[in-house]
Amino acid sequence: MGKETGFLELDRQDRTYADPRERLTHYKEFVIPHAEPALKAQASRCMNCGIPYCHNGCPVNNIIPDWNHLVYEGDWQNALEVLHSTNNFPEFTGRICPAPCEASCTLNITDQPVTIKSIECAIVDRGWQEGWIVPQVPEKRTGKTVAVVGSGPAGLAAAQQLARAGHSVTLFEKNDRMGGLMRYGIPDFKLDKDLINRRLMQMQTEGVVLKTSTEVGVHVSIESLKENFDAIILSGGAEDPRQLTIPGAEMSGVRLAMEFLTQQNKRNAGDDETRAAPRGTLSATGKHVIVIGGGDTGSDCVGTSNRQGAASVTQIEIMPKPPEHEDKALSWPNWPLKLRTSSSHEEGVARDWAINARRVIGEDGKVTGLECVRVEWVGGRMQDVEGSEFVLPADLILLAMGFVGPIKAGMVDQAGVDLDARGNVAANVIDYRTSDPQIWACGDMRRGQSLVVWAIREGRQTARAVDEALMGVTQLPR
């Protein structure tokens, strides 16, 4: 694979970013891709591993060494075919996946993993530029009908695979545009929404019917879907946010991260303020912003706040600060716990760990600060550090503390399917069928909040299971 001595001759060189002073003036993508010679050189570093752990590190099991070698050889079109054989939307994962494949790369033992994510993105971007990516319209129709509820990455993948198998697929989305979390939860500077629109046009040509502003469980009942479709796939995501249950959290300046991010994405899409912010404009301009939650959503709030012109941005996390470098002997080839600094962090933020929020401080119903205390873990239990209380000034507090599962009211309640111990829709990972034999579930709605790449995997595998259930056999890949 690649050049046999490539990894000995060349160091890892990844894509670069535009200068923060420039990129903070807009919401466009700011990654600077490699030119083709540099990409081929980086692809040449892929070793002829006895066991390519990157296969298992990647949730969709991308055949990474193969398309790395094809890029090294300059055979981009075949590289694209291999890439698409396991992943419907590599332009999404090539931008927003945290790249567990690179953590599993053999060269990561020396902190020099192959730039897998960048090469993946370059392959699919080249495919679109060259016109190699075209709709795959099935030669014949099966006469079977499938309703897919939720147009995030799991729903999109399931719908596309089933349409290509010849089924009549209708994709339902409660929001005014398709894309789920990728549409409104991921900032445009990380994922340009024209990339989603382009795939949706492809899927429509392949036969997928798109129904937006249609909430199953409200506008359309589950019973109606069961009467009109042979199979139903629930792929509605995990949208129930973890709440902040401390005194003062009811103040208007304490808001959910997803509301904040959604408003800005809608403005970027051209919506006026009435459509973008039906509950009132939520802006960080000139404000001291505190983001509670140290994950990706919190990072996205940091980047968006800085672009809106926040006076200051502070991000706090209740867990201890992770180590800057993992212990490879203990972690590799698994995903390690380590300090991760995003491009948004590099644009300006004060970060702090092992912090618990105690009370929101305010005057006349307006937030003025957040009372916090430092915490430590003793015997596996969290406890306050005596005398460590402090107050952070704040005008706006954004809650990015994760999600506790799918929203139950409406669709899930109407479906009446069994839930697991965490409140997710219960379904195994063999056939993804729920307790109702006509209903399947995949993505975050089934597994809890997770990565886009896991959602794509589950959508593809669910499509195969549904196709086999409807037809008795299936040619769709697992």
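A147 has its bridge partner in β4: that partner is T170. The model is a predicted one. β3 and β4 pair in the parallel sense, over five bridges. Strands of a sheet pair through backbone hydrogen bonds, either parallel or antiparallel.

Now widen the view to the sheet. Five strands form an open sheet, and the pairing is parallel. Read across, the order is β5-β4-β3-β6-β18. The edges are β5 (209-211) and β18 (439-441), each of which pairs on one side only. Neighbouring strands are turned against each other by 20 degrees on average, direction ignored.

Next come the helices on this sheet. α10 lies across β3, β4 and β6. Its direction runs at about 165 degrees to β4. α21 packs on the sheet too, touching β3, β6 and β18. The direction of α21 makes about 160 degrees with that of β18.

Stay with α10, residues 153-164. How far apart are its end C-alpha atoms? They are 17 Å apart. At 1.5 Å a residue, the 12 residues should span 16 Å, so the two values agree. The helix is mostly covered, with 11 of its 12 residues buried. Among the buried residues are P153, G155, L156, Q160, Q161 and L162. What covers them? The cover includes β3 (145-149), β4 (168-172) and β6 (231-234) from the strands. From the helices, it includes α11 (181-184), α12 (194-205) and α21 (452-471). After α10 comes G166, whose phi is positive, near 105 degrees.

Turn to the nonpolar interior. In soluble globular proteins, nonpolar side chains tend to be buried together. Here the largest nonpolar core has 64 residues. I123 and I233 touch the most other members. α21 gives the most to this core, with eight residues. A second, separate core of 19 residues includes V216, L234, M411 and A415. Leaving out residues up to four places away in sequence, I123 touches W67, V71, W76, A79, L80 and L83.

End at a loop. D188 sits between α11 and α12. Is D188 buried or exposed? D188 has a relative accessible area of 12%. Buried means under 20%, so D188 counts as buried. Its side chain makes a polar contact with the side chain of K193, at 2.8 Å. Apart from neighbours within four places in sequence, D188 is in contact with Y27, K28, E29, K193, N265 and N268.

Notes: Residues are numbered from 1 along each chain as its sequence is written. This is a predicted model: local features need pLDDT of at least 70, side-chain atom pairs count only at pLDDT 80 or more; totals for chains, interfaces and linings use all residues. Side-chain values use heavy atoms; hydrogens and water are left out. Helices (H or I, at least four residues) and strands (E, at least two) are DSSP runs, numbered from the N terminus. The expected span of a helix is 1.5 Å times one less than its number of residues. Buried means under 20% relative accessible area, exposed over 50%, partly exposed in between (1.4 Å probe, protein chains only). Contact means heavy atoms within 4.5 Å. A polar contact is a pair of N or O atoms within 3.5 Å; within protein, one must be able to donate a hydrogen and the other to accept it, and residues adjacent in sequence count only if both atoms are side-chain atoms. A nonpolar core is a set of buried Ala, Val, Leu, Ile, Met, Phe, Trp, Tyr and Cys residues joined through side-chain atoms within 4.5 Å. Two strands pair if DSSP finds at least two bridges between them. Axes are lines fitted to C-alpha atoms, for helices over the stretch in contact, and angles run from 0 to 180 degrees between N-to-C directions.
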